[in-house]
Amino acid sequence: MIDRRLLSEIDWILVGLLLLNSALGCFLIYSASSQGPGDPYLRQAAFILISLVGLFLAFSLDYKILVAYSPYFYFLGILALAGLLLWGRLIAGTKSWIRLASFGLQPSELMRVFLILLLARLFADFRRTHLSVGMLLLSGGAVGLPLVLVVLQPDLGTAASYLPLLLAVFVLAGITRRQVALLLILALVLGVVGWSFFLTNYQKNRLVTLILPGHDPQGAGYQIQQSKIAIGSGGLLGKGFKQGSQSQLNFLPARHTDFIFSVLGEEFGFIGVLAVILSYFFLLLRLFQAVGLSRDRPGVYIVFQVAVLLSFQFLVNVFMVIGLFPVTGIPLPLLSSGGSSLLASYLCLGLVLNVRMRRFVNI
Amino acid sequence: MESNRIYEDLSGVQKRANRLRVAIEVLFLVLVFFYWKTQILDHRKYWKLAEKNRIRETIIPAPRGLVLDRKGIILVKNIGSFKTSLIRENTPDLERSYRSISQLLGLPLEELKKRVAKYRAMPPFKPLPVKEDLSLEEVTLVDARRLEMPELIIEAEPKRQYPFGSFAVHVLGYLQEISAEELRTPRYQDRRLGDLIGKTGLEAEYEPFLIGRNGRLVEVVDSQGRKQGEVEKLEPQTSPSLQLNLDFDLQKKAESLLEGREGAIIVLDPRTGCVLALASYPTFEPNKFIHRFTPEEWQAVVQDPATPLENRAIRGLYSPGSIFKLTMSLAALNLDVITERTSFFCGGEITLYGQPFSCWAAGGHGMLDLTSAIRNSCNIYFYNLGKRMRIEDIARQAQLYGFGQLTGIDLPGEKEGLVPTPEWKKAKKKAAWYPGETISVAIGQGPLLVTPLQVAAHTAFIANRGRKIVPHLLNPATAIRRDFQSPDGADFLLRTGLRRSAFDKVIKGMWESVNREGTGRAAMIEGFDICGKTGSTQTISTESAERLAQRKIEVKTHSWFTGFAPKDKPEVVVTVLVEYGGGGGATAAPLARQLFEYYRELYQNGK
């Protein structure tokens, strides 16, 4: 199933960037969690190994086959999400985990991979220059169903991470201005309805904090305020490895997951931030480059969705930790501690490698 | 999937993909810009905030300085005590926290909330005092819940104690919690919320001296306020003790003499101005101010018609009555209105400006010269002086001798009294001065107002034959330097043209008043040569007093006595005022005699 010639077409640069960023994540988690119980960095290293297996699986099987079977994956994913809502146990306030021995798995993270494949299949034969209303509704529905299931868990952050996939396919399929306007209006209506009926006070607070960062410094604004202090106090060169007072003295919340970038900012300063942004930027550039190299329409859709997804997650997280985006609970892909998110990211990148190495006809 | 082997044209799709890519690249640029702004441009601001998070500065309060009497008896000291404070930011649920604290310490929930609400404007993470003077059980209770309730902390602090209760309370003063307004004034800029500051008396006067220098503890803490290391520690420095001139025994004697009455007693040394005793009655319990009054107790103290909080010795305003005849004599001699031999006839009554004025002795005193007039405290004699002098001249002389101005004692809140002038009357009462009022002023009635301390200082001025003193409680020879020299200086007589002989003439009258069956005879002590003057001041207007007298209704007058001893080498001045005490000779003079006697026992027999 995997050819030697194919192996030589693997994008080793992308793999290298991937491993570099993962190692960086492990390193930051080590620094961030030296005070707490357990060894999250060892767990993260284990996750990386498991994810590498996933990566291998994701590129060894021809993506065309994966795309062909995507409806079954999707269906499985929906079943898992629905089952969780019915039978799942509440862990950390949400029903998003399936427990496997000492590790937990979040089906909502894997659902993202299935969605990428399903959307690629839906648009495989879509050759018109503009997005049709039918396709808009179909793809919107396909994403909307799991999104609603995840919102009900409730895990707003993961649910929101499905949206860049829609954005990616809409852009590729040629969404018209009128459709954009209609979607915006729809989003506004949903937003107002959601605000008045569905958002909890806690979530509302986070949005208010974005607009008024000084309000309630001990409540919702506390995390953002402490994160900004951590990053700002890092200065140009940072306070040094394990020397950040904000991170080491517990002022920084969720510092090895969602706020891992603040630890970087505090301990390694602007130079460290710039280095990580650059390494991430090159990774994303490599992904966008792969869009141009894809042979067929499903390939383009897969690679582009992954590129937009990772860009979205990275930007949202990194804008969030300096207070320019509400605290949504979107982790930093590859860098934040967390197995499911890491595995999902590796699977996505495996798909990109898959598409790229099979770019030549008849190989 | 038939298109497998065909290169399809994907350029349109890829063009659109590129557009989104460019947008993302722009967002990366924006991202770098904001990190540059936060980490490079605003670095200092965030650095400071991070340091503020990390570093906790605790003030280690210095115990307040002790206060000692002249023999070294400790009048005010400190004992150890514990208080508990609330750090609002350390609890996720303030409401629940209030409930547990209320239960834990047995404080009513509303009272607790009200107390914390007082500090609403205070910066976050400041400990807000919740309860002081904890018992050992309470300390254990709070300490045992250190981990469950990180918002509640225990602080040890020295507590002020007045071992003799209400003894000399008006002199010593008391402490009270600093108010939010005071906290904003420069005088208290280094003080903290919940600090106790001297509100009255010496505690307030010498506050900057007594507080000593607070120590400082700089620690590294984590987000829960747990200590992670120590940066700096500065031990507190206690101020040296405040040594007073006050004599414990004399003060105690003075207070016991006043017990059950309302009034004031001052004993001072005319040579130096050292105050040996300064008592005001009724009194109150100063330790209560530290424990905090219950609302009922506080209302009772504040609304007590006997005003126990007032220091009558320096803040009580009274007519001087016949005491002022000394001042009139000095003024008349000084202005050459009379000489020592000038005599007037007292027939018991005199008509001046068409109005009858009477002497206290119904039958009259016959012919008297100045000495006899002072000895018998004859009103008619001084009415005659009042008729021959202008009110402006009387006022100027009275002010020259110290009335109508502060004595300068080292106690806050002293009142300056009032020496009336036509200008004053015009400004205050919008009326012209009547000559008849000058007649009233001549015997110390009318709008004239003095404090007992002014009378004592005036007496010292006479005893010193024209040298003024500034009464003071502090012994300036010890730790704290303060100048208590009179601003009028040693050349006072030269500048004012006042003759030393005039004082001798007045003192002769005072001596006879006590030792030659005068009005002050009840103060006499064989061989101590006390010179004094009594006063009985009407507390209502002359007209209504006479009306009541006709109906045989007795109106009690304020009772004065002021004097010094011995005559030729004065070393002690005693001034007594008893409100509604009746005649000065009957009430105040015997009290003064006991003090002179006790003084003699303490200071002369021991020699």
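Mentor: Start with a term. A residue counts as buried if 20 or more other C-beta atoms lie within 10 Å of its own. Keep in mind that this is a predicted model. By that cut-off, 39% of the 607 residues of chain B are buried. The chain holds 24 helices and 19 strands. Among contacts in chain B with a separation of 6 or more, 72% link residues 24 or more positions apart.

Now the part itself: strand 11 of chain B, residues 263-268. Here 6 of its 6 residues are buried. Take the two faces in turn. One side carries B:G263, B:I265 and B:V267. The other carries B:A264, B:I266 and B:L268. Both faces are covered.

Next, the partners of the strand. Strand 12 of chain B, residues 275-281, runs antiparallel to strand 11 and is joined to it by 6 bridges. Strand 19 of chain B, residues 572-578, is also antiparallel to strand 11, again with 6 bridges. In strand 12 its bridge partner is B:A277. In strand 19 of chain B, B:V574 stands opposite B:V267.

Look at the turn as well. Strands 11 and 12 of chain B form a hairpin with 6 residues between the strands. In that hairpin, B:G273 takes a positive phi near 90°.

The buried set includes B:F248, B:L250, B:L257 and B:L258. After helix 10 comes B:G260, with a positive phi near 85°.

Finally, the contact between the chains. Chain B gives 39 residues to it and chain A gives 43. On the chain B side, helix 1 (11-41) and helix 2 (43-54) each supply at least two residues. Helix 1 of chain B has the largest share, 18 residues. By type, the chain B side divides into 20 nonpolar, 10 polar and 9 charged residues.

Conventions
Residues numbered from 1 in each chain as written. Chains lettered and ligands numbered in written order. Predicted model: local features only at pLDDT ≥ 70, side-chain atom pairs only at ≥ 80, totals over all residues. Contact = placed C-beta atoms within 7 Å. Helix = DSSP H or I, 4+ residues; strand = E, 2+ residues; numbered from the N terminus. Nonpolar A, V, L, I, M, F, W, Y, C, P; charged D, E, K, R; others polar. Buried ≥ 20, exposed ≤ 12 C-beta atoms within 10 Å, placed from the backbone. Pairing = 2+ DSSP bridges.
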